[in-house]
Amino acid sequence: MAPGPLRESGQPQLDEDTSTNLTISGSFLALMAALLSLAAIMVMLPESGRLAVFPFVMVGWLISLCLHEFGHAIVAYGSGDPSVRDKGYLTLDPLRYTNLQFSILWPLVFLAIGGIGLPGGAVYVNMWMLRGPGRRALVSAAGPLATLLVLILLLIVLRAAEDALAAAPLYAALAFLAFLQLTALVFNLLPLPGIDGWGIVEPWLPGALRENGIRVARFAPALLLLSFLFIPAVNSMFWRLVFELCWMIGLDVEGALDGLQLFQFWR
């Protein structure tokens, strides 16, 4: 999700402490431990491990969300906004990035009904403190870049473990998690207000267009999500693009769909 503007009015007072305060939260470490434990269950107990696919994918998705938002925050900090440090965005703490609507409700709904990985968090950046339009665009691009790195890592793991895990639920879970990263990346790069793709191009747009973008940014992502549900042409174009990209990067679509089936255990 695009980094939000600073909500408070005026310029923030700078903290005299100039240390980065770059730490890893206990919550993030717990997520990593849970992910590894669930992976071990799926490898050692493949039959009962099928039930571990749902929590594995959810935990993996939360980890990728933290890395996405951390990407925004660390680049914003390096570009002149120390407020992201004071808000705890440099700790990889999922609780710092959580938004009830976009972090929990919408992602869960779309994961359940169609397997779309939605950007689910937000960091609030003081855009006025960033050093120039190029830095503002870079802050917006940093989140999708982190998502891309997660996708590349998953593809490497899938390639390396393909022979050993091809018939195991862990392979399907990893393929589905990679598929979610790809759908999130495509969604995030759409140049629409409220989404990272808009933040990448917005600094160079005419002033009037930027102002209109600010006005609609709060509800534009929700309208886009609704269009996926109720406008077949939009839904079809999105999935056609996603599957074309799967073919280009060598992502195992069949394995990912197997992972989706295991993830939706209630069906």
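**Ground rules**

I number residues from 1 along each chain as its sequence is written, and my side-chain values use heavy atoms, with hydrogens and water left out. The model is predicted, so I need pLDDT of at least 70 for local features and 80 or more for side-chain atom pairs, while totals for chains, interfaces and linings use all residues.

**Entry 1: the second largest pocket**

I looked up the second largest pocket and found a volume of about 400 Å³. A pocket here is an open set of points on a 1 Å grid over the protein atoms alone, where a 1.4 Å probe fits and protein lies on both sides within 12 Å along at least five of seven lines. The volume is the space filled by probe spheres set on the points, which are joined across faces, edges and corners.

Which residues lie nearest the centre of the second largest pocket? I noted Met32, Leu35, Leu153, Leu154 and Leu174, out of 18 lining residues. A lining residue has an atom within 4 Å of a point. The elements that give two or more residues to this lining are α1 (26–44), α3 (53–78), α7 (133–165) and α8 (169–188). Helices are DSSP runs (H or I, at least four residues), numbered from the N terminus.

I then sorted the lining by class: 16 nonpolar residues, two polar and no charged. Nonpolar covers Ala, Val, Leu, Ile, Met, Phe, Trp, Tyr, Cys and Pro; charged covers Asp, Glu, Lys and Arg; the others, Gly among them, are polar.

**Entry 2: a nonpolar surface patch**

I found a nonpolar patch on the surface made of Phe219, Leu223, Leu226, Leu229, Phe230 and Ile231. Together they have about 590 Å² of accessible area. That area comes from the Shrake-Rupley method with a 1.4 Å probe, and for residues only the protein chains shown count as cover. Patch members need over 30% relative accessible area and no salt bridge; nonpolar side chains (Val, Leu, Ile, Met, Phe, Trp, Tyr) are joined within 5 Å, like charges within 9 Å.

I checked Leu229, which lies in helix α11 (residues 220–230). Leu229 counts as partly exposed because its relative accessibility is 38%. The cut-offs are under 20% relative accessible area for buried, over 50% for exposed, and partly exposed in between (1.4 Å probe, protein chains only).

Ala220 also lies in helix α11. Ala220 counts as buried, at 17% relative accessibility. Its C-alpha is 8.6 Å from that of Ile195, 25 residues apart in sequence.

**Entry 3: salt bridges**

How many salt bridges does the count come to? I get two. The rule asks for a side-chain nitrogen of Lys or Arg within 4 Å of a carboxyl oxygen of Asp or Glu.

One joins Arg85 to Asp86, with the closest N and O atoms 3.3 Å apart. Arg85 is buried at 8%, whereas Asp86 is partly exposed at 45%.

Glu202 and Arg210 also form a salt bridge, at 3.5 Å from N to O. Here Glu202 is buried at 18%, and Arg210 is partly exposed at 27%.

**Entry 4: helix α10**

Asn212 lies in helix α10 (residues 207–216). I read 38% relative accessibility, so Asn212 counts as partly exposed.

Is Gly213 buried or exposed? Gly213, also placed in helix α10, is buried at 4% relative accessibility. From Gly213 to Trp198, 15 residues apart along the chain, the C-alpha separation is 8.5 Å.

Val84 is in helix α4. Val84 is buried, with a relative accessible area of 0%. Val84 and Ile74 are 10 residues apart in sequence and 8.0 Å apart, C-alpha to C-alpha.

I noted Leu92 in the loop between α4 (83–86) and α5 (94–97). Its phi is near 60 degrees, a positive value in a residue other than glycine. Leu92 counts as buried, at 9% relative accessibility.
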